[in-house]
Amino acid sequence: MRIFDNLPHIDFMKYKARALSISWGIILICLVAAQPWKGSESHVKLGMQFTGGIDMQVRFKGDVQQDTVRAALGKGGLADAAVVSYGAPTGFRDYSIKVKARKGQDEKDSTAQINKIRNILRALDHTTSGDPRLDLNTESALALTDQWMKSNPLNIQGDETALRIAYEPLVKKIVDARDKSALLTSYSQLPSDLPKVLADLVQKNYRLGGLAFQKQESFSPSISGEWTRKTLTAVAWALGAIMIYVMLRFTWSFAVGGIVSLIHDILMAVGLFTLFGFEYSVPVVASFLILIGYSMADTIVVFDRIRENSHKPEYRRTTISQLVNDSINQTLSRTILTSLSVLFVAICLFVWGGPALRDLSFPLVIGVITGTYSSIYIASPVVVYWEKWFPRQDSLKQKHA
Amino acid sequence: MTKRSFWRLAVTLFICGVCAFFFLPLSKVRLGLDLKGGVHFELEVQSHEALEADLRDTADRLQDRLKEKGLADASVHLDGSPRPIGVRIEGVPADQKAVLEKVTGTFGGFDTNFDAQGALMVQKASYQKLLKEDAGKRALQIIENRVNQFGVAEPEITASGADGNRIVVELPGVGEAERERIKNLLSTPGRLEQRLKSKLDPTGYKGFPTREAALTFFKGQVPPNTELLPEPESERDLRRAGKDVAVKGKVEEKFKSWHLVETKVYVDGGDISDAHRAVNPTTDASEINFTLNRKGADDFSTLTGIASEEGRLISIVLDRKIVSNLSCKEKIPGGSVRVSGSFTKEDADDFALKLKSGAMRASMKFLEEKSMGPSLGADSIKSGVLAALLGFGTIIVGMLIYYKWSGLNAIVALTVNLIVMLGLLGSFNAVITLPGIAGFALTLGMAVDANILIFERIREELKNGKSVAGAIQTGFDRVFWTIVDSHVTQLFSAMLLFIFGTGPVKGFAVTLTVGIVASLFTSIYISRFIYDWILERHPGTKTLSV
């Protein structure tokens, strides 16, 4: 099976001016729509790692409405909190709560703020209100082990080690059962092989609260600027290193073409990522770096063929456009195939990978598509233009692999 | 089988075997916090505090030394505001300059500028760097001690940051209940100092009611070599006043009095060799008992000597707050000390722990704090692995349909790739994170790219009329540099990711780097070997299933 039965003869370079203007046009539109120059008013959504602040994910049992959560936080003086509803299993409600750090806020404020949010949320959980018992759903494994080693309900003889050996596995069983859905909703969900005494004790001494803090992150504003700086430095270094490598292995024109196409891919992915309202986090930036590597690898396949062909006698007399065009056509089927293989994986991660991987794989989906396109329509035309504008004798044919 | 093929097979099997050894059984694979649940802190050592502490120490030592040399009138104090940057020496008569030069010369690490009044000593940049590094290392060690004594399984404590002043603490399986307590334990420096209450402060145990009152008494200016420190209201005081003790700790800390204390530290936490909580049999209150090392014991006996002779109070200062003012009837040798103050049982336990694990030279600032429930991780693993498998499955089916038997060749190469990747990850003791799973799937997708390049090239050469053996030969030769070039550029971005990222991102970078290296090996070595082997068994074959 093959994509093209005969070698395709598409005149790619004929449309290079049109292609260049369309794709840079899209980038411009994204830029205008996102309005990054407006600072915090812009449509660029930055994660808490970049701005500093609190990022929480909680799960409620029962029907706690998004508006209720928002109103309660607003009443507590946190009107700027962003509350987003997540898909949760039936019977539960999941929310993500984000509060940006204020200027000049230090760590003590953030601790106080976290506690405040937690208390507000706790007050919303009416499932066991007024019950003074400890909440089995929030006690940690360490705490439970400690409590039972002290009360020793199974009357185990021996020293502390013996007690620990006896209670730790039991606690682990309970915690594992709880972790299946983050919250135990009834005592019947306790593991059935729990000793009767302990099962009774749990029912008697512990309530089952309706709120779990699934994730809680807080970032000091003092390092938020650092992340932005780190990100930009990393991208700059990646571009620089790749440019130098391509220059050593190929020629100037290829290095420039490669870098222009990389910048194009990054801007396109960044623009669409912003336009679709995704949020920037550190893993997302990581996937942008991957995109750089991937897009360049794709471009190199085309470059390699151009270089190879430039040594062939039949291309001695042809124009550079012809040389580039033929090379693209010859590598077209492999360009499509290699892109498809990575694209499949990226799409699988995007569709089935869960919320955390969705943000991370979106730039990759975009990046693979634009990476392929840009190898043909950005990198190669730049090489053609560069060779036309700065003609050097046999410049394409000087370096040999 | 020829000798060459035999050796290539042996090499392949050997590598697979070694790699399998590193990741089997699968329980060896470690999951990151984002998958397992737990607490992550990133702390920054406030190294400028260590510099200040060193300046204070230097000033004290300098004063003593000058006294020994007969320059009792010289005043030594910290210079610079708001943060002290040097030690200023004043009141040295002009004819004693030589003595001053000699004394200051014994303090390494300082640049000294002499002027008409005396001298200004400033820490050298290299010395500051040393002090900062030392503070970082000390903090790391202390945090390790404290965390270990807290009893968390598999804690991960690593230094990070360019100056080594960042510390990342990862505690798997720690839940909500302990988070706050551990945070407190990590953030306070636990700096215990024993000093003398100044002679100029006539208030005794009682102290000044407020800072303002004390300042008015001293006419707005604290006398040199002394400072005002607060004493918090203790549980015992509250009980005596008939207030509810239980609310203590929930309300904001109240200071009952302020005392003027000498800045000179006689004994500090570094000299404490052991500390534990004890219960006072008469008052039933929690106390801290500690033992001092030899130097500490000597210093302590000097301190108690002065206190008993001059009838002055000893101030026990913990984290710049007075825990207790003690009177002392006689010189106490031996170095066994009991501190009774206003401790709850847990407070006393934590304080003893802090004392025992040594005193930090600088406090900590929390830059990042994350806690992750294990249920979230379980969901992530499920969907992440599902997505990765789906992607992988699609590629396998696609390769088989598109390249027929050569597709099988690619799949063998991919499988070896997978084994090598897992083995390399296992040998680094790498941690699998959620982005790491994504990285895994992606590298497999990219690894297959190398095979596609080779197969397409072989097809092209066959079409150009080359024999099967010739097509394979030229196919691999021509594509070799393309594959190397494209892998190297990807390696650049993966390595940068490693340098740039922390935590989950680092996990991502490691899997990618490993995947790229593995793919280079399998596509060039393994796939070639399989073709050569087939050619060997069917020499002169006219068709190749590709």
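Which residues in α1(A) and α12(A) meet? In the predicted model examined here, K16(A), A19(A), L20(A) and S23(A) of α1(A) meet Y377(A), I378(A) and P381(A) of α12(A). By class, five residues of this contact are nonpolar, one is polar and one is charged. Helix α1 of chain A covers residues 16-34, and its axis lies 10 Å from that of α12(A), at an angle of about 120 degrees. The two helices, α1(A) and α12(A), are therefore oblique to each other, and their crossing is left-handed.

Chain A contains 12 helices and eight strands. Its radius of gyration is 29 Å, well over the 21 Å given by the globule rule for 401 residues, so chain A is more spread out than a compact globule. Along the principal axes, the C-alpha atoms of chain A fill a box of roughly 95 × 45 × 35 Å.

Three domains are assigned in chain A: domain 1 is formed by 12-46 + 220-397, domain 2 by 52-130 and domain 3 by 134-213. The centres of domain 2 and domain 3 of chain A, taken over C-alpha atoms, are separated by 27 Å. Domain 2 of chain A gives 14 residues to the contact between these two domains, and domain 3 of chain A gives 11 residues. On the side of domain 2 of chain A that touches domain 3 of chain A, two or more residues come from each of β2 (53-61) and α4 (107-124) of chain A. The largest share of that side, five residues, is supplied by β2(A). Five nonpolar, four polar and five charged residues make up the side of domain 2 of chain A that touches domain 3 of chain A.

Chain B is likewise assigned a set of domains, with domain 1 spanning 3-36 + 375-537, domain 2 spanning 49-127 and domain 3 spanning 193-345. Between the centres of domain 1 and domain 3 of chain B, taken over C-alpha atoms, the separation is 65 Å.

The contact between the chains involves 63 residues of chain A and 61 residues of chain B. On the side of chain A that touches chain B, at least two residues are supplied by each of α5 (141-151), β7 (211-219), α8 (221-249), α10 (282-310), α11 (320-352) and α12 of chain A. Helix α10(A) provides the largest share of this side, 13 residues. The class division for the side of chain A that touches chain B is 37 nonpolar, 16 polar and 10 charged residues.

One helix pair between the chains joins α12 of chain A, residues 354-389, to α13 of chain B, residues 434-463; their axes come within 10 Å and cross at roughly 50 degrees. This angle makes α12(A) oblique to α13(B). In passing α13(B), α12(A) forms a right-handed crossing. The residues A356(A), L357(A), L360(A) and S361(A) of α12(A) meet L434(B), P435(B) and A438(B) of α13(B). Six nonpolar residues and one polar residue are found in this contact of α12(A) with α13(B), and no charged residues.

Terms used. Residues numbered from 1 in each chain as written. Chains lettered and ligands numbered in written order. Predicted model: local features only at pLDDT ≥ 70, side-chain atom pairs only at ≥ 80, totals over all residues. Domains from an automatic or database assignment. Axes fitted to C-alpha atoms, helices over the stretch in contact; angles between N-to-C directions. Helix = DSSP H or I, 4+ residues; strand = E, 2+ residues; numbered from the N terminus. Parallel < 35°, antiparallel > 145°, perpendicular 65-115°, else oblique. Left-handed = near helix turned anticlockwise from the far one by under 90°. Contact = placed C-beta atoms within 7 Å. Nonpolar A, V, L, I, M, F, W, Y, C, P; charged D, E, K, R; others polar. Rg over C-alpha atoms; globule rule 2.2 N^0.38 Å.
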